[in-house]
Amino acid sequence: MVEELPAFRNYNFMMKNKENPSDLMMSDALLTQDELSLRESLKKFVAKKITPLLQEAHRKEEFPKHLVKELGEMGLFGITLKDYGNMNSLSYGLAMQELEKADSAIRSFCSVQNSLVMWPIEEFGSEEQKSRFLPKLATGEFIGCFGLTESDAGSDPVNMKTRVKKVAGGGYELSGSKMWITNGHDAQVGIIWAKNEEQEIVGVLIEKGMKGFTSSKIQGKFSLRISSTAELSFDKVLIPEENILPKAKGIKSPLRCLNEARFGIACGVIGAAETVFHCALDYAKEREIFGKKLASFQLAQAKLVEMSQEISKAKLLAIQLGRLKEQKKLSPIQVSLGKMNNCKMALEAARKARDLLGAYGIVDDFPVMRHLMNLETVNTYEGTEDIHRLIIGREITGHSAFY
Ligand code: TGC
Ligand code: FAD
């Protein structure tokens, strides 16, 4: 008789981290006590204040607006800004991860407020603009939005049609439109990217109520239903000189904002993947098919293992992105790799989880289909999966496949 190998005699021996099958590489060991504590407090906040609202909000296609102030009170706006949260980059990523365990729309709200509105005001704004907008954005009294995409300029924002021109008597006139703008219908302030008469891209602070500025909420989305998405129109909106971001110049400026948000997404989507994975794992352990537990079939295990493997790898990738960012060594290429890899990973995890749940996978008593539908958007916005592939392709081959 062949002698039994010790590793197989006690299979638990390999699984010291048995309590968390979505962190097989024990990435938590790489986090500081502060990072772990932040995550713990957000976990409780999400479970108590957010998770119970999701089914109804999703059915009604409505963002629970009363949450905005609570998110502000939790310190979730301006997380990394010196005069506000003053936390490190990875803390921001971990916060996005906890929020996205609930729903990508909640994380989106915070991504926009942090990375696409507060960060650019801090980075490109005047002192007056910072004191006018940042305190209100930090508490949630103001909601912000970021308008780069147009109906005919998505992956190629440099082809935007929105224009600002100088007017006699001072100030500028803004004309054009923006499409698919998160929080655009609810925002008190928005950063709108437009070309000036020299064909240079500039950042304009638009405020609710400005004459000629209208917004309409896009209805009937199958994805990110809890997020409010809008089309914005500017019909010769008069913009005072003090609403132009003085330090934003060229396409590079909005792309730098995207680096911030893409990092948050690369971390955030791991949360969605963990939710669908744990849901599928619990389900497979309970569900009986052909007289046996679903989890005991090899094909089911293969799906669960791939999810666990990819989530565990994605966590290490996210931590490395965060640490490089803190050391100011993170390149846009690395951000693209993280956004592309982790969004694809989460989307594939959600598809596998949906499959494992069979028919139950399509109803909203389980969070799986909601996450799956959300992740289709997350894989598209902030640069589609293929755009990131081409960004990396250009870097490693030296050939641009864009034009
Ligand atoms: P390209 O020639 O590549 O670059 C022009 C200049 O910009 C620099 N650059 C960057 N700088 C910082 N960060 C980046 N990520 C950068 N990418 C490029 C570059 O070095 C160059 O600088 P310089 O000094 O040499 O002039 O520009 P391109 O026009 O060829 O564009 C390339 C491309 C396709 C990669 C870019 O346009 C792109 O990333 N497209 C994707 C568009 C996108 O992601 N849109 C997102 C809209 S916002 C959104 O989706 C919010 S979702 C909100 C929510 O979370 O709910
Ligand atoms: P397109 O650019 O038309 O792409 C269509 C397809 O063509 C994609 O598969 C793409 O990968 C592919 N493709 C494009 N170029 C190439 C190429 N060179 N080679 C090969 N394939 C290519 N934008 C904002 O500015 N602010 C926001 O707040 C915001 N929020 C959003 C919220 C939601 C819910 C959604 C869905 C979108 C949001 N967006 C926002 C817009 C988002 O960034 C764009 O949808 C995204 O950049 C893609 O642009 P597009 O939809 O025009 O697709």
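## Two ligands in a predicted model

The shell around ligand 1 is made up of 14 nonpolar, seven polar and six charged residues. Please keep in mind that this is a predicted model.

- Ligand 1 has 27 residues around it, and the nearest are Ser 108, Asn 259, Arg 262, Gly 383 and Arg 394.
- Helices H6 (104–124), H8 (252–286) and H12 each give at least two residues to this shell.
- H8 provides the largest share, with six residues.

- Oxygen atoms of ligand 1 are 2.8 Å from a polar side-chain atom of Arg 394 and 3.2 Å from one of Tyr 403.

**Ligand 2: who surrounds it**
- The shell of ligand 2 holds 19 residues, with Phe 146, Thr 149, Ser 155, Trp 180 and Thr 384 the closest.
- By class, nine of these residues are nonpolar, eight polar and two charged.
- Strand E3 (172–182) and helices H11 (368–380) and H12 (385–397) supply at least two residues each.
- Domain 2 (144–250) and domain 3 (253–397) each contribute at least three residues to the shell around ligand 2.

- A nitrogen atom of ligand 2 is 2.7 Å from a polar backbone atom of Trp 180.
- The side chain of Thr 182 has an N or O atom 2.9 Å from a nitrogen atom of ligand 2.
- Thr 384 places a polar side-chain atom 2.7 Å from an oxygen atom of ligand 2.
- The protein buries 67% of the 990 Å² that ligand 2 exposes when taken alone.

Note on methods
Residues are numbered from 1 along each chain as its sequence is written. Chains are lettered from A and ligands numbered from 1 in the order in which they are written. This is a predicted model: local features need pLDDT of at least 70, side-chain atom pairs count only at pLDDT 80 or more; totals for chains, interfaces and linings use all residues. Side-chain values use heavy atoms; hydrogens and water are left out. A residue is near a molecule or strand if one of its heavy atoms lies within 4 Å of it. A polar contact is a pair of N or O atoms within 3.5 Å; within protein, one must be able to donate a hydrogen and the other to accept it, and residues adjacent in sequence count only if both atoms are side-chain atoms. Accessible areas come from the Shrake-Rupley method with a 1.4 Å probe; for residues, only the protein chains shown count as cover. Helices (H or I, at least four residues) and strands (E, at least two) are DSSP runs, numbered from the N terminus. Ala, Val, Leu, Ile, Met, Phe, Trp, Tyr, Cys and Pro count as nonpolar, Asp, Glu, Lys and Arg as charged, and the others, Gly among them, as polar. Domain bounds come from an automatic or database domain assignment.
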